[in-house]
Amino acid sequence: MNEPAVDNLVEQVESKYSLVIAVAKRAREIVDGSPSLVENKSPKSVTVALKEIDANKLNYHKK
């Protein structure tokens with residue numbers, strides 16, 4: 001995974017752990033049929049979720 005850079009993504013959430021949880025939840029939503037929030041050529045749901053976070057299309061809320 002070269003793009004988006006993990007360092008840039010971690011700046012948008014609290015930690016790498018939070019990033020993994022947010023990406024996993026969003027990837028599951030995409031697999032279940034949720035439309036992508038960004039233009040993407042990749043068929044992989046994890047890549048789409050990472051690009052959505054990088055584009056600030058998702059809001060992360062700590063519980």
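**A tour around helix α2**

Select α2 (16-31) and colour its buried residues: Ser18, Leu19, Ala22, Val23, Arg26, Ala27 and Ile30. Buried means under 20% relative accessible area and exposed over 50%, with partly exposed in between (1.4 Å probe, protein chains only); helices are DSSP runs of H or I with at least four residues, numbered from the N terminus. Look down the axis of α2: the buried residues fall within an arc of 160 degrees, so they line one face of the helix. That arc is taken from the directions from the helix axis to the C-beta atoms.

The model is predicted; local features need pLDDT of at least 70, side-chain atom pairs count only at pLDDT 80 or more, and totals for chains, interfaces and linings use all residues. Residues are numbered from 1 along each chain as its sequence is written, and side-chain values use heavy atoms, leaving out hydrogens and water.

Next, turn to the face of α2 directed away from its buried side, where the exposed residues Tyr17, Val20, Arg28 and Val31 sit.

Now show α1 (6-10) and α3, which are among what covers the buried residues of α2. Select Leu19: not counting residues up to four places away in sequence, Leu19 touches Val6, Leu9, Val10, Val13 and Ile53 (contact means heavy atoms within 4.5 Å).

Then select the largest nonpolar core, eleven residues including Leu9, Val48 and Leu50. Such a core is a set of buried Ala, Val, Leu, Ile, Met, Phe, Trp, Tyr and Cys residues joined through side-chain atoms within 4.5 Å. Its largest share, five residues, comes from α2.

Finish at Gly33, which follows α2 and has a positive phi, near 115 degrees.

Conventions: Helices (H or I, at least four residues) and strands (E, at least two) are DSSP runs, numbered from the N terminus.
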